[in-house]
Amino acid sequence: MDIKKLTAKEKLRLVCGKDFWHTEDFGGKIPQITVADGPVGLRVVKARVADGTETAYPAIPYPSVQLLANTWNRNCAREMGAALADDCLEKGVDILLAPGVNIKRTPLCGRNFEYFSEDPLLAGEMAKAYICGLQENGAGACLKHFCCNNLEYDRLHQSSDVDERTLREIYYLPFEIACEAKPVSVMCSYNRINGTYGAEYKKGFTVLREEFGFGGAVFSDWSAVRDRTASLKAGLDIEMPFCEENYQKLCRDYEDGKIAEAELDACAERVLTLISRCKTMREGKKSCCSEAERRRIAQDIAAEGMVLLKNDGVLPLAAGVRLAVAGCYAQPSDMGMLRGAGAAAVNREGETFDVPDCLTKRGYSVAFEPAFSYDGVDSFHQDARRAVQLAAGSDVSILCVGLGEKFERESADRETLRLPLVQERAILASAAVAPTVVVVFAGAAVDMSAWADKVSAILFAGYPGAGGDEALASILSGENNPCGRLSESFPFSLADCPASQEEGVSVGVTRYREGLDVGYRHYFTHHIPVLFAFGHGLSYASFVYRNFTAEAEEDGVSILLDVCNTSDRAGKEVVEVYVRECAPVVYRPDRELKAFDKVFVEDGGSRQVAFRLGRRAFAHWSAAEDGWRVSDGVYEILIGASSEDIRLIRKVRVEDGNFSLMPL
Ligand code: BGC
């Protein structure tokens with residue numbers, strides 16, 4: 001499509017979108033692109049009412065992105081992307097407005113369930129695989145929200161004040177890594193970055209294009225544009241949705257000579273390229289999985305992402321034990337209990353979720369009591385006392401607790417990390433009368449300090465999608481071996497989180513005063529114990545690492561090790577590689593994730609795992625040199641089963657930029 005065939009008026013219209021979900025097509029003169037949310041299932045809007053409330057068509061719900069991240073398995077992300085691409089093909093959607101890679105700077109952020117991690121490498125790698133899955137199967141991705149949209153509080157106005165090094169090492173990095181998958185588009189954020197609106201963040205867009213190799217188009221977040229002329233000049237290609245007022249002003253500015261032809265052409269050209277790229281990507285593509293297969297993918301990812309946080313041996317459940325199952329989350333009448341709200345909400349009409357039934361099918365005798373709903377008791381059909389009485393008469397009590405759309409939602413943050421009081425009390429009362437397994441349905445970290453040491457087992461179940469009840473029952477019964485790992489730290493309390501300690505903040509500014517110390521980087525460096533560490537997760541199998549060898553190379557280090565399964569159960573193990581610089585010349589967090597892999601190992605078997613740590617794995621962003629720099633010095637390579645369970649260490653020296661291994 002030749003830009004010369006478009007008039008100036010048409011170009012101005014093209015960079016403003018057509019309506020809520022389409023690009024302009026000038027009555028069929030050029031093809032049109034349809035976009036739709038979102039990261040955990042398709043949200044094709046059916047109707048929108050005046051107050052902005054939207055209803056969407058029902059769609060397959062996939063696990064929350066946070067649960068996906070807990071798999072630490074790139075194949076899961078790729079498969080979820082591929083399944084979503086099929087959904088897009090069937091519904092005529094060209095671009096899925098996903099994935100979101102914003103860093104979980106604070107566990108309170110209302111949208112954490114739709115983001116991957118507190119760690120930029122994990123977030124970037126999983127997003128990259130998700131984008132590949134989507135785009136290889138015919139749907140474009142829209143990587144969002146660029147950037148520093150880490151809280152929903154006052155998101156349309158507040159400025160995230162962040163220094164350049166922190167931007168590079170923490171907040172830009174997931175975008176940088178995800179850009180390797182060549183997403184067709186990026187979405188800007190609502191907030192300001194160091195005072196400049198996300199829609200006008202020229203410096204950031206330039207980094208994306210010139211340094212991260214991003215060759216697609218930049219969308220605005222929905223209604224994030226205050227000044228279309230300023231955003232166009234900054235390199236924001238399409239404003240969404242169409243806004244008459246902004247468009248008219250843009251036309252006036254153009255007529256007044258405030259916009260150079262080249263500036264308009266640059267954006268319009270990128271929109272045209274986007275349209276043809278999406279259409280080519282789609283050409284000849286048919287859904288590769290049936291709906292049943294996609295549902296199976298959702299279920300398998302849920303089973304792989306659920307994290308066994310604690311287990312005194314009560315799990316897997318012995319055959320035939322008498323179970324008391326309590327909590328509305330086990331059999332929700334309102335499916336909103338199993339999802340967050342906002343753009344990432346999926347209409348689950350027609351979906352069922354029935355944990356008691358899934359356990360009964362597996363041969364257990366199950367007594368169920370809904371007990372409570374969200375933060376209270378909604379009807380006479382819910383009786384928390386009866387739940388405790390049932391627990392007292394059981395061999396094992398399973399309490400299904402959690403959050404849901406009432407607490408986790410776009411445009412609002414959580415106020416506490418604690419579960420609602422009624423749920424905490426039910427856990428404590430149950431634990432006093434029976435071995436208790438707590439299953440937590442939530443999209444972010446939960447403060448479990450009031451009860452974690454009183455219960456026998458804790459399983460973090462995220463927000464599973466289709467088949468999540470089966471996935472859960474398969475783990476409880478031992479049919480599936482748990483292999484999820486936390487993609488975020490679970491602190492003892494909110495007070496321990498650095499981002500919750502803002503003093504003297506002005507009303508519209510969030511100062512990222514903790515700098516690089518986000519998540520586990522903070523807890524380790526400052527010796528703050530956490531309830532469950534980043535990367536933690538138990539298995540029914542046990543693994544040891546053997547035959548560790550490392551080799552220094554011209555521009556990095558390569559590593560080999562064997563993961564040996566010393567149990568009689570097959571299972572998957574995640575190997576995590578961290579790097580720390582000993583006595584650095586600039587401040588560096590105690591350890592940083594630089595590589596990871598997940599492997600399946602047969603019972604009694606072993607698997608070799610290989611990693612390559614390039615120069616960048618040792619580098620920091622030098623504010624003095626405005627670039628990545630590997631300082632001469634000594635580094636430790638830490639290999640572990642979690643950020644706190646380090647099994648192997650090897651020291652490396654860098655001298656005049658050359659790598660050598662230090663003697664053992
Ligand atoms: C959200 C985006 C979403 C868009 C379209 C915005 O409110 O921030 O993530 O893609 O709406 O629904």
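This is a predicted model: local features need pLDDT of at least 70, side-chain atom pairs count only at pLDDT 80 or more; totals for chains, interfaces and linings use all residues.
Student: What volume does the largest pocket have?
Tutor: About 840 Å³. Of its 37 lining residues, Arg 43, Glu 54, Gly 342, Ala 343 and Glu 410 are the closest to its centre.

Student: What counts as a pocket or a lining residue?
Tutor: On a 1 Å grid over the protein atoms alone, a pocket is an open set of points with protein on both sides within 12 Å along at least five of seven lines. A cavity is a set of points where a 1.4 Å probe fits but cannot get out. Lining residues have an atom within 4 Å of a point. Points are joined across faces, edges and corners, and the volume is the space filled by probe spheres set on them.

Student: Which strand gives the most to the lining of the largest pocket?
Tutor: β3, with three residues. Both β3 (54-56) and β5 (140-146) supply at least two. Helices (H or I, at least four residues) and strands (E, at least two) are DSSP runs, numbered from the N terminus.

Student: How do the residues of that lining divide?
Tutor: Into 14 nonpolar, nine polar and 14 charged. Here Ala, Val, Leu, Ile, Met, Phe, Trp, Tyr, Cys and Pro are nonpolar, Asp, Glu, Lys and Arg are charged, and the others, Gly among them, are polar.

Student: Which domains does the largest pocket lie between, and why?
Tutor: Domain 1 (1-28 + 227-283) and domain 2 (292-500 + 515-532) both give residues to its lining, so the pocket lies between them. The bounds come from an automatic or database domain assignment. That assignment also gives domain 3 (543-661).

Student: Now the ligand. Which residues come nearest?
Tutor: Asp 37, Arg 111, His 145, Asp 221 and Glu 410, out of 14 residues around the ligand. "Around" means a heavy atom within 4 Å.

Student: How far is the ligand from the side chain of Asp 37?
Tutor: A ligand oxygen is 2.5 Å from an N or O atom in the Asp 37 side chain. For Asp 221 the distance is 2.7 Å, again from an oxygen of the ligand to a side-chain N or O. Taken alone, the ligand exposes 310 Å², and the protein buries 93% of that. Those areas use the Shrake-Rupley method with a 1.4 Å probe.

Student: And how many cavities of 30 Å³ or more are there?
Tutor: Six. The largest cavity has a volume of about 100 Å³. Its lining includes Lys 104, Glu 118, Cys 497 and Tyr 523. That lining divides into five nonpolar, three polar and four charged residues.

Student: Back to Asp 37. Is its peptide bond to Gly 38 cis or trans?
Tutor: It is cis, with omega near -10 degrees. Gly 38 sits in the loop between β1 (35-36) and β2 (45-48). The bond from Leu 315 to Pro 316 is cis too, with omega near -5 degrees.

Student: What is the phi of Phe 26?
Tutor: It is positive, about 50 degrees, although Phe 26 is not a glycine. Phe 26 is in the loop between α1 (8-14) and β1.

Conventions: Residues are numbered from 1 along each chain as its sequence is written. Side-chain values use heavy atoms; hydrogens and water are left out. A polar contact is a pair of N or O atoms within 3.5 Å; within protein, one must be able to donate a hydrogen and the other to accept it, and residues adjacent in sequence count only if both atoms are side-chain atoms.
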